[in-house]
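Take a look at the chain below. We will go through its charged pairs and then a pair of helices.

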Amino acid sequence: WETINVPMLQEGYSTGAFWLRGQVRNDGSEHVTRWLALGSARLQDVRLYWLPASPWPSAGQADAAIPRYAGTLYPLAQRDIASRTPLFPLTLAPGEERQWVLRVAGDSAIDLNVALWESAAFRHDEGRELAIQALVLGVSLLLVTYALIQGIAWHDRGFVLMAAWIVTALRPGRPFPVLVL
């Protein structure tokens with residue numbers, strides 16, 4: 001294991017697997033659940049290993065190191081929490097301290113920004129982000145419609161090509177296309 005700095009958390013496109021390890025502790029007097037989230041919805045294969053509190057787990061903790069899955073390779077039904085971004089619930093008893101290990105792999109852009117959220121705060125932020133994305137998508141589709149109408153009305157191939165380029169740029173998980181004319 002090695003300590004990494006922030007620029008390494010945004011690796012860019014990579015086909016390798018990256019491992020992150022962290023530790024959480026509940027200093028309160030009640031059970032607490034937080035959501036461990038990774039920053040990018042494009043991550044393909046994310047696995048969380050929630051390690052037992054003691055190095056010699058009891059029979060009730062024997063399945064604690066079984067991975068939990070998130071990412072675009074796994075349907076929402078197989079995830080602990082239905083969300084676009086990789087998200088895992090971590091529950092701690094009062095005074096409990098545990099470690100987690102994340103494995104992130106895939107062919108997409110690797111963004112390893114990890115955050116611990118309260119569920120309500122995460123859903124609020126997620127809703128705000130989705131509203132911004134809906135606005136951008138709406139403006140893009142309006143531009144496509146305008147370009148198609150102009151292209152058909154003026155018999156201008158440039159407008160039709162612009163509309164086609166915008167539609168291909170909106171495809172999820174793909175980098176922007178380059179048109180060579």
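How many residues apart do Asp 125 and Arg 128 lie in helix α1? They are three residues apart, about one turn of the helix. Helices here are DSSP runs of H or I, at least four residues long, numbered from the N terminus.

A word on the source comes before the rest. This is a predicted model, where local features need pLDDT of at least 70 and side-chain atom pairs count only at pLDDT 80 or more, while totals for chains, interfaces and linings use all residues. Residues are numbered from 1 along each chain as its sequence is written, and side-chain values use heavy atoms, with hydrogens and water left out.

Back to the pair. Asp 125 forms a salt bridge with Arg 128. The closest N and O atoms are 2.7 Å apart. A salt bridge is a side-chain nitrogen of Lys or Arg within 4 Å of a carboxyl oxygen of Asp or Glu. Asp 125 is partly exposed, at 22% relative accessibility. Arg 128 is also partly exposed, at 47%. The classes have cut-offs: buried is under 20% relative accessible area, exposed is over 50%, and partly exposed is in between (1.4 Å probe, protein chains only).

The structure holds nine salt bridges. Another one joins Glu 126 to Arg 123, with the closest N and O atoms 2.7 Å apart. These two residues are three apart in α1 (residues 119-154), so about one helical turn separates them. Glu 126 is buried, with a relative accessible area of 13%. Arg 123 is partly exposed, at 33%.

Now turn to Asp 45. It forms a salt bridge with Arg 47, and their closest N and O atoms are 3.1 Å apart. Asp 45 is buried, at 8% relative accessible area. Arg 47 is partly exposed, at 22%.

Next come the helices. The axes of α1 and helix α2 (residues 157-169) come within 7 Å and cross at roughly 155°. Axes are lines fitted to C-alpha atoms, for helices over the stretch in contact, and angles run from 0 to 180 degrees between N-to-C directions. The crossing therefore makes α1 roughly antiparallel to α2, a label for angles over 145 degrees.

Which residues touch? Contact means heavy atoms within 4.5 Å. On α1 they include Leu 143, Val 144 and Ala 147. On α2 they include Phe 159, Ala 163 and Ile 166.

Conventions: Parallel < 35°, antiparallel > 145°, perpendicular 65-115°, else oblique.
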